[in-house]
Amino acid sequence: MYRRYLLFLIWAIAIVFILVFGNNRVFPAGFLFSFFRFDQSQFDTSALSLFTLLGIYPAAFFMLFLDEKRFLKPSPMLASFGAFVLGSFILMPYLALAIPRQTFLPFRRRKFVPYLVAVLAVLSAIVIWLALARSDWSIFQIYFMTNQFVRTMTVDLVMFYILQLFMLHRIRIRQDQRLGWRDLIPLFGLFSYLFRRHLPASTNS
């Protein structure tokens with residue numbers, strides 16, 4: 001039960017932080033299309049890479065919930081779809097309120113998951129490499145301090161990582177295991193679990 005209160009507390013602190021921190025300025029009209037195009041002539045690569053990763057994280061959680069819906073009620077799929085728009089800000093309150101349940105439904109291996117995970121992992125690695133190689137982090141700091149959109153994306157990414165640890169910890173307890181070092185790697189820890197979970201040799205319930 002205390003984990004629910006903790007998730008709600010993190011969620012509330014995140015929203016307050018986004019609203020009150022910094023001196024907000026507005027990006028020019030049409031800026032969102034520049035993010036979708038990954039237009040490095042308009043915005044620094046750091047912010048564009050962050051935006052891209054926030055499209056990949058919900059996809060990873062969607063694949064996770066395809067299996068974990070057996071253990072949660074109500075079904076997490078609606079919240080998972082909503083995460084593509086509202087990010088972790090909808091997943092966190094859902095997981096705080098969701099009721100764990102015992103189930104006798106068998107695990108269903110989905111053949112497409114390892115292939116999709118591999119593609120998303122490669123894409124994520126490229127995006128992170130671009131962020132490290134071409135970003136001006138002093139510009140990103142200015143974005144973070146002065147623009148609510150970038151600040152929201154940054155907080156959203158941190159909250160996704162917290163939810164990754166939360167879900168993998170829950171899964172490991174169910175399997176009578178502890179979090180492994182792979183589980184702690186942001187995003188790629190989730191990829192690693194999904195990849196191994198849906199390989200033909202996987203038989204864990």
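**A colleague's note on this predicted model**

1. Please keep in mind that the model is a predicted one.

2. The peptide bond running from K73 to P74 is cis, and its omega is near -5°. P74 belongs to the loop that joins strand 1 (72-73) to helix 4.

3. Two residues have a backbone angle worth checking. Most residues other than glycine have a negative phi. F38, which is not a glycine, has a positive phi of about 55°, and you will find F38 in the loop between helix 2 (31-36) and helix 3 (45-68). D176 also has a positive phi, near 55°. D176 lies in the loop between helix 8 (148-174) and helix 9 (188-197). Is D176 buried or exposed? With a relative accessible area of 75%, D176 is exposed.

4. Helix 6 runs over residues 112-134 and has 23 residues, so at 1.5 Å a residue it should span 33 Å. The C-alpha atoms at its ends are 33 Å apart, which agrees. Its buried residues are V113, P114, V117, L120, A121, S124, V127, L130 and A131. Now read along those numbers with the helix in view: an α-helix has 3.6 residues a turn, so residues three or four places apart point the same way. The cover over the buried residues of helix 6 includes helix 3, helix 7 (137-146) and helix 9.

5. Here is how the record compares with the model. An unreviewed UniProt entry places the feature "transmembrane region" at several spans, among them 112-132 and 148-167. In the model, residues 112-132 are 100% helix and 0% strand, with end C-alpha atoms 30 Å apart. Residues 148-167 are likewise 100% helix and 0% strand, and the end C-alpha atoms of that span lie 28 Å apart.

6. F160 is in helix 8, and its relative accessibility of 0% is why F160 counts as buried. Which residues does F160 touch, leaving aside neighbours within four places in sequence? F160 is in contact with L54, Y57, P58, F61, G87, S88 and L91. F160 and L54 are 106 residues apart in sequence, while their C-alpha atoms are 8.7 Å apart in space. L53, in helix 3, is buried too, with a relative accessible area of 13%. Beyond its neighbours within four places in sequence, L53 is in contact with P58, S124, V127, I128, L157 and L187. The C-alpha atoms of L53 and I128 are 8.5 Å apart, although 75 residues separate the pair in sequence.

7. Seven of its 10 residues are buried, so helix 9 is largely enclosed by the rest of the structure. Those buried residues are G189, L190, F191, S192, Y193, L194 and R197. Helix 3, helix 6 and helix 8 are among the elements that cover them.

8. Finally, the charges. Side chains of opposite charge can pair when their charged atoms come close. How many salt bridges does a search of the whole structure find? The search finds five. In one of these, R197 pairs with D67, and the closest N and O atoms are 3.0 Å apart. This pair links distant parts of the chain, with R197 in helix 9 and D67 in helix 3, 130 residues apart. R197 is buried at 5% relative accessibility, and D67 is buried at 3%.

9. E68 and R174 form a salt bridge as well, at 2.7 Å from N to O. E68 is in helix 3 and R174 in helix 8, so the pair ties together parts that are 106 residues apart in sequence. E68 is buried, with a relative accessible area of 0%, whereas R174 is partly exposed at 30%.

How values were computed:
Residues are numbered from 1 along each chain as its sequence is written. This is a predicted model: local features need pLDDT of at least 70, side-chain atom pairs count only at pLDDT 80 or more; totals for chains, interfaces and linings use all residues. Side-chain values use heavy atoms; hydrogens and water are left out. Helices (H or I, at least four residues) and strands (E, at least two) are DSSP runs, numbered from the N terminus. Buried means under 20% relative accessible area, exposed over 50%, partly exposed in between (1.4 Å probe, protein chains only). The expected span of a helix is 1.5 Å times one less than its number of residues. Contact means heavy atoms within 4.5 Å. UniProt positions are given in the numbering used here, feature names are shortened, and annotations may be inferred rather than shown by experiment. A salt bridge is a side-chain nitrogen of Lys or Arg within 4 Å of a carboxyl oxygen of Asp or Glu.
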